[in-house]
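Trainee: I am new to this structure. Please show me how to read its features one at a time.

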Amino acid sequence: MSSEVHKYIEEALNKNKNLFNAQVLDFPNDKTIDKSKAIKTKNNIVWKISDKSNDDQLKAITGFCFTIGFLLVIGLYANLS
């Protein structure tokens, strides 16, 4: 065996020794979670595609729908002809 491979095997064995000597951590259980509290959500904030901040997304969706519609019309025309 070359010395590099032997060195790599030695390092791997040392890491495994350290792994088996690891200690398990105990987490405190003194904090309890109250599940009876009502979950509050913000219902008044709604994402709308027609907002001015979403102009590029509106254009992308419009272009996608136009493309699908155009391909559908061409497909129907080709099928009926």
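Trainee: How many helices and strands does the chain have?

Mentor: Helices (H or I, at least four residues) and strands (E, at least two) are DSSP runs, numbered from the N terminus. Here the secondary structure comes to 2 helices and 0 strands. This is a predicted model, in which local features need pLDDT of at least 70 and side-chain atom pairs count only at pLDDT 80 or more, while totals for chains, interfaces and linings use all residues. Residues are numbered from 1 along each chain as its sequence is written, and side-chain values use heavy atoms, with hydrogens and water left out.

Trainee: What percentage of the residues in the chain is buried?

Mentor: Buried means under 20% relative accessible area, exposed over 50%, and partly exposed in between (1.4 Å probe, protein chains only). Of the 81 residues in the chain, buried ones make up 1%. The chain exposes about 8,900 Å², and 62% of that comes from carbon and sulfur atoms; accessible areas come from the Shrake-Rupley method with a 1.4 Å probe, and for residues only the protein chains shown count as cover.

Trainee: Which residue forms a salt bridge with lysine 59?

Mentor: Side chains of opposite charge can pair when their charged atoms come close. The term needs a side-chain nitrogen of Lys or Arg within 4 Å of a carboxyl oxygen of Asp or Glu. The structure holds 1 salt bridge: lysine 59 pairs with aspartate 55, their closest N and O atoms being 3.8 Å apart. Both residues lie in helix H2, 4 residues apart, about one turn of the helix.

Trainee: Is lysine 59 buried or exposed?

Mentor: Lysine 59 counts as exposed because its relative accessibility is 58%. Aspartate 55, at 38%, counts as partly exposed.

Trainee: How many aromatic pairs does a search of the whole structure find?

Mentor: Rings of Phe, Tyr and Trp (its six-membered ring) pair if their centres lie within 6.5 Å; planes under 30 degrees apart count as stacked, over 60 as edge-to-face and the rest as tilted. The search finds 1 aromatic pair. The ring centres of phenylalanine 66 and phenylalanine 70 are 6.4 Å apart and the planes are at 20 degrees, so the pair is stacked. Phenylalanine 66 is found in helix H2 (residues 55-80).
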